[in-house]
Amino acid sequence: MKQPTSISELKNHVGREVTLSGWIHHSRPGGKICFIVLRDGTGFCQLVVEKNEQTASFYDDIKRLSQESSLEVTGTVHADERATGGFEVRVTHANVIHAARDYPITPKSHGIDFLMRHRHLWFRSQRPWNVLRIRATVVDQIRRFFNDNGYVLIDTPIFAPAAGEGAQTLFKVDYFGDPVYLAQTGQLYLEAACMAHRKVYCFGPTFRAEKSKTRRHLTEFWMVEPEIAFASLDDVIAVAEDFVCSLVERVLRDHSDELTALGRDLSELEAIKKPFYRLRYDQCVELLHSSKARELLENDLVAKQARISELGAKIDELDTLVKSDAAQWKKDKAAGEVIELREDRVELQEQMGNIPHHIELAKNFEWGGDLGGSDETIISRLHDRPVFCTHYPKGVKAFYMRECRDDARVVENFDLLAPQGVGEIIGGSAREEDYDRLLARIEHEHLPQADYEWYLDLRRFGSVPHGGFGLGVERTVAWICGVKHIRETIPYPRMMGKFYP
RNA sequence: UCCCCGAUAGCUCAAUGGUAGAGCGAGCGGCUGUUAACCGCUAGGUUCUAGGUUCGAAUCCUAGUCGGGGAGCCA
């Protein structure tokens, strides 16, 4: 087969003849002219086939091809404003490779359940295509950032003994008769490795058996975890800050087209610059108790109520249009919008119902508790850049986190809250390097000391201050792309009760 | 585990106790600049399951199954 030209390279071939191979994304056949949007994996391009002497032999075959048929065409590239993407190919030769029939994903709207059950085909649609390209770049930038900054990749095991944080959130696997668990973090293993290589990271899938059904949860997701020796909490936070900035910069540099196609507000991403905000837990509590927090939510209530009225008016208006004798396509479009607006309205109503509860939660927040989802939302919405929340109470955090030497009630940890409601994308900490303190925490939490002997060894032999963090890839991609649900940010999402295809 | 909502044609949805419909998709025909094109015709249904109320149930009641959203928990 002759080497075809990529649609992404068409701009370099204007006026010349090219051969493209790909799939029919959309077809609008006419009696004597046929428009086809072809996708070849690198982009989308309009083909124009006119019925004339040159095309007579294949015109009727092409015209009848339906969505997702594969073909090879030859023609001349023209710049044309009427074509999506700005270029079109006027076809002179065509070779049908496979005529598809009854492709399930039509140009009209579909429910999320249907699309997820057809994930293997949904990849071909524009939105998943854009999102997964950005994911690939995020993953590449993750590796580059650490590889270029002197970190050594250490692959940590997927099968792990129970030793970890709570075993109740882990998937249990039968390992030749012994119970082992799918890893939910490689951190403890990394701590050992960073004493050998100084700066290390692991990157791979991680598993949580939490029975969560929300837009922020998957049972299998990807996490990158760096771990650094001779590092203080501030050092680790500085790395996290540079790291997140580099991810956003790279995606902005390479994917502004995809972001725009996804409807992402680029200015929000361009504003992601150092320094991010740093708030100690104490300050978070103060903020939650403050009039600013209450006003934010009260204003929210008013704004949402206004928005609901607005939606209601819009829905009525469109409903009138649907019942009128307007053109059918206008009515279809209006009906589609009505469905979307109704969904938005239901969501807003649910959010409104939660606000009084959130006001109470914030007002009555007591020192010592963990910050809940609504509390995080309040904190991140009161800031225009990502926020590091640090120094949480010891009681709500894991045993390995370093006790703050100035205030023994808290540990040296941090969470990074992304803006725009995605919530926590990073959790990290300085690790307790003092043998006696660590042992005391293990005993206090009633953890089986024998399982942690190897981990305690790290504090017996040349213990140094060290720390690290974990970044959730899917939440990060969701934030950068502006997609609401992280199930769209991983090729094959695994959720509670869902593992097909 | 808890709360709210839903399940009708391949898809998205209507039908407000009284003959199950529309658009898209599919098939056929028409149309020389379309952007979710448009026009005409055709095919397409065990209204999630099991009980119940009723002269009559897609519609009301009970239980279950599956799905969506949220809470908790988390990246």
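The structure is a predicted model, in which local features need pLDDT of at least 70 and side-chain atom pairs count only at pLDDT 80 or more, while totals for chains, interfaces and linings use all residues. Residues are numbered from 1 along each chain as its sequence is written, chains are lettered from A and ligands numbered from 1 in the order in which they are written, and side-chain values use heavy atoms, with hydrogens and water left out.

Chain A is divided into domain 1 (7-98), domain 2 (126-276 + 385-489) and domain 3 (294-359), with bounds that come from an automatic or database domain assignment. Between the C-alpha centres of domain 2 and domain 3 there is a distance of 37 Å. Along the principal axes, the C-alpha atoms of chain A fill a box of roughly 90 × 55 × 45 Å. The secondary structure comprises 15 helices and 16 strands; these are DSSP runs numbered from the N terminus, with helices being H or I of at least four residues and strands E of at least two.

Of the 501 residues in chain A, 47% are buried. Here buried means under 20% relative accessible area, exposed over 50%, and partly exposed in between, with a 1.4 Å probe and protein chains only.

The chain carries 65 positive and 76 negative side chains, and the centres of the two sets lie 5 Å apart. In this count Lys and Arg are positive and Asp and Glu negative, whereas His and the chain ends are not counted. Each charge is placed at NZ of Lys, CZ of Arg, CG of Asp or CD of Glu.

Just after helix 5, R198 adopts a positive phi of about 75°.

The cysteines can be considered next. With a disulfide taken as a pair of cysteine sulfur atoms within 2.5 Å, the count comes to 0 disulfides. C202 is buried at 4% relative accessibility, and C245 is buried at 5%.

Two helical residues illustrate buried positions. F146 belongs to helix 4 (residues 126-148) and counts as buried because its relative accessibility is 0%. Leaving aside residues up to four places away in sequence, F146 touches Y151, Y201, V224, P226 and F243. By contrast, F146 and G30 are 54 Å apart in space, C-alpha to C-alpha, and 116 residues apart in sequence. I315, in helix 10 (residues 291-323), is buried with a relative accessible area of 3%. With the same exclusion of residues up to four places away, I315 touches V338, L341, R342 and R345. I315 and V338 are 23 residues apart in sequence, and their C-alpha atoms are 5.6 Å apart.

T377, in helix 12 (residues 373-381), is partly exposed with a relative accessible area of 31%. The C-alpha atoms of T377 and V251 are separated by 24 Å, and the two residues are 126 apart along the chain.

Several backbone features occur in loops. Between helix 8 (266-270) and strand 12 (277-280), the loop contains P275, and a cis peptide bond with omega of about -10° joins K274 and P275. D102 is not a glycine, yet has a positive phi of about 55°; D102 lies in the loop between strand 5 (87-98) and helix 2 (112-117) and is exposed at 67% relative accessibility. H391, also not a glycine, has a positive phi of about 60°. The loop of H391 runs between strand 13 (387-390) and strand 14 (413-418), and H391 is buried, with a relative accessible area of 11%.

How values were computed: Contact means heavy atoms within 4.5 Å.
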